[in-house]
Amino acid sequence: MGRSGNLPRSAGETDGDDTGCTVLHVDMDAFFASVEIRSRPELRGRPVVVGGMEGRGVVAAASYEARRFGVHSAMSMAQALRLCPQAVVISPSRGAYTEASRAIMAIFAEFTPLVEPLSLDEAFLDVSGAIGLFGRPAEIARQIRARVLADQQLTCSVGIATIKSVAKLASSSCKPDGLRVVPRAGTLDFLHPLPVTALWGVGDKTAAPLHGLGIRTVGELAATPLDTLRRAIGVAAGEHLHALANGRDDRAVVQRAPEKSVSTDRTLAHDLQTEDEVARELLRGAGEVGERLRLNARQARTVGIKIRFADFTTITRVRTLDEPTNSSATIHEVAMQLYRELHLDRPRIRLVGVKAENLRNADEPTQLALDFPTGSPRAGMPRAGALQASAPEAGAPQAGLERDGTRADGPPHALPPAHSARTLAAPTGPVAARDHERSSRRRDRDAAAERAVDALTARFGQSTVRPASLIGMGRTANEVTRSLPAASTPVPSKSAPSDARSADQRSGSSPATAAETVKRGRIAAPTPD
């Protein structure tokens with residue numbers, strides 16, 4: 001994606017002849033920072049930076065007040081604070097961003113079914129079928145901006161054009177809180193003065209050979225012979241960028257297919273070396289992945305982990321489950337199994353990730369697995385669909401090792417021997433029935449805890465709940481949760497009165513863990529900053 005920061009900007013509305021301009025690109029303004037400021041109005045007008053605070057923390061988003069100091073996303077937090085020492089730094093509230101995004105996308109869908117989300121905070125809309133109902137494209141854009149502001153107290157910028165690539169550039173050029181129409185007849189006049197790096201798909205690697213040819217603007221790119229571009233940046237890239245530079249983009253707005261996977265990873269402020277440290281980080285990741293699955297009514301059959309060492313070697317492991325799940329407790333349990341099977345000896349780990357894939361809708365019926373009695377010829381055979389997250393045979397190159405995106409031939413760390421898949425040898429009798437009942441009760445308690453976590457996160461933000469704090473004294477979050485009674489009262493919804501959190505604020509208590517929430521049977525609120 002081109003870098004919108006390179007675009008000349010003119011906030012406000014730039015209307016024009018929108019005949020045939022049925023593609024809208026809606027982009028929320030400083031989305032993460034704006035969501036945080038919405039919940040903390042006292043920060044309005046101050047430089048706000050969202051991201052990790054310590055060590056290797058990076059900027060996830062910055063308000064426009066912070067951007068004036070040169071702060072931008074993907075910058076190290078240390079550099080951001082050097083540029084803007086007075087910035088207010090806030091840890092990301094991912095649940096709040098997801099919830100706001102869902103509400104915004106639902107508003108878009110009220111105007112047209114042809115909505116193509118690009119991320120949580122931006123989407124393409126094809127409004128060709130909505131003109132008769134809502135008016136011309138520019139008027140539809142105004143209605144969308146007004147609805148988003150009224151319903152979500154957030155602003156967005158909208159680009160309107162005949163093709164996707166120009167609509168995206170138009171929305172970037174009118175930020176913040178703007179609207180811009182690029183008429184069909186004025187497409188090239190809009191495009192050609194722009195820097196070539198503004199084009200969709202021109203990053204540093206592509207820009208270098210273009211600059212070597214003396215190409216600095218989109219107009220210069222459009223005038224360059226196609227054969228020259230093919231030799232410089234490749235056939236596919238050359239043809240694609242030449243078409244965009246000349247105002248041609250055949251890509252239609254299409255509804256995005258359901259996600260095939262959900263993942264999260266985090267680079268740590270300090271290298272991890274102990275299993276307890278990794279367990280805490282895997283719990284954080286499992287909590288986030290499980291929350292996103294539940295929020296989207298999805299379940300996963302496959303759970304995986306990603307471990308990156310201090311030398312940037314990366315290991316990935318996955319396991320397919322017997323039954324799909326969206327339980328954070330189950331995801332964490334499987335992730336811990338995968339990690340322990342690596343048999344690492346005090347490694348130095350800089351990144352930990354958790355993923356869930358092979359997704360399905362949560363309301364889809366589940367085909368029950370067949371159990372065979374002990375002694376049956378089928379007992380002891382691997383269950384269908386149970387994948388092994390195994391390492392290669394001794395002496396063979398290790399699979400799953402990557403360095404800078406490529407597979408490595410050998411491991412720098414001790415890796416696990418291959419392990420056997422689970423089998424169908426099914427215990428019978430009263431012991432098995434009792435174990436099954438205990439397992440069912442445990443799942444119910446885990447689910448109650450996770451519902452409490454989801455409600456807390458949605459109401460008060462991600463910082464309210466700290467899953468890693470559930471690990472202590474050698475006990476995992478699962479073990480802590482299993483020991484708790486079920487919630488005695490329902491968790492209030494987002495529309496609950498604000499008095500629900502006054503007791504905690506008066507007492508000066510710290511943010512509640514999921515375990516504490518379920519144990520007390522009520523909502524707990526974060527302490528004031």
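Where does N358 lie? N358 sits in strand β13 (residues 349–361), where strands (E, at least two residues) and helices (H or I, at least four) are DSSP runs numbered from the N terminus. Phi of N358 is near 60 degrees, a positive value in a residue other than glycine. At 43% relative accessibility N358 counts as partly exposed; buried means under 20% relative accessible area, exposed over 50%, and partly exposed in between, with a 1.4 Å probe and protein chains only.

A quick note on ground rules. This is a predicted model, so local features need pLDDT of at least 70 and side-chain atom pairs count only at pLDDT 80 or more, while totals for chains, interfaces and linings use all residues. Residues are numbered from 1 along each chain as its sequence is written, and side-chain values use heavy atoms, with hydrogens and water left out.

You'll find A297 in the loop between α13 and β11 (298–309), and its 42% relative accessibility makes A297 partly exposed. Then there's a cis peptide bond, running from K175 to P176 with omega near -10 degrees. P176 belongs to the loop between α7 (164–173) and β9 (179–181).

**Rings**

A search of the whole structure turns up five aromatic pairs. Here, rings of Phe, Tyr and Trp (its six-membered ring) pair if their centres lie within 6.5 Å; planes under 30 degrees apart count as stacked, over 60 as edge-to-face and the rest as tilted. Take F31 and Y97: their ring centres are 6.5 Å apart and the planes meet at 55 degrees, so this pair is tilted. With F32 in α1 and Y97 in α4, the pair ties together parts that are 65 residues apart in sequence. Put together, ring pairs link F31, F32 and Y97 into a cluster, and Y97 comes out at 1% relative accessibility.

The criterion is NZ of Lys or CZ of Arg within 6 Å of the ring centre and within 35 degrees of the ring normal.

| Arginine | Ring | Distance from ring centre |
|---|---|---|
| R67 | Y64 | 4.4 Å |
| R251 | W200 | 4.1 Å |

**A three-stranded sheet**

Strands of a sheet pair through backbone hydrogen bonds, either parallel or antiparallel. In this model, an open sheet of three strands runs in the order β4-β3-β5 with mixed pairing, where two strands pair if DSSP finds at least two bridges between them. The edge strands are β4 and β5, each pairing on one side only. Neighbouring strands are turned by 25 degrees against each other on average, direction ignored.

What is the sense of pairing between β3 and β5 (residues 88–90)? They pair in the parallel sense over three bridges, and V48 has V88 as its bridge partner in β5. Strand β4 (residues 59–62) pairs with β3 in the antiparallel sense, again over three bridges, and A61 in β4 stands opposite V50. As for side directions in β3 (residues 48–51), V48 and V50 point one way, V49 and G51 the other, and all are buried.

α4 packs against helix α13 (residues 275–295) at an angle of about 20 degrees, with the axes 11 Å apart. Axes are lines fitted to C-alpha atoms, for helices over the stretch in contact, and angles run from 0 to 180 degrees between N-to-C directions. The two helices are therefore roughly parallel; that label covers angles under 35 degrees, with over 145 roughly antiparallel, 65 to 115 roughly perpendicular and the rest oblique.

Finally, α7: 10 of its 10 residues are buried, so α7 is largely enclosed by the rest of the structure. Among them are K164, V166 and L169. The C-alpha atoms of K164 and H25 are separated by 7.4 Å, although the residues are 139 apart along the chain. H25 is found in strand β2 (residues 23–28) and, at 0% relative accessibility, counts as buried.
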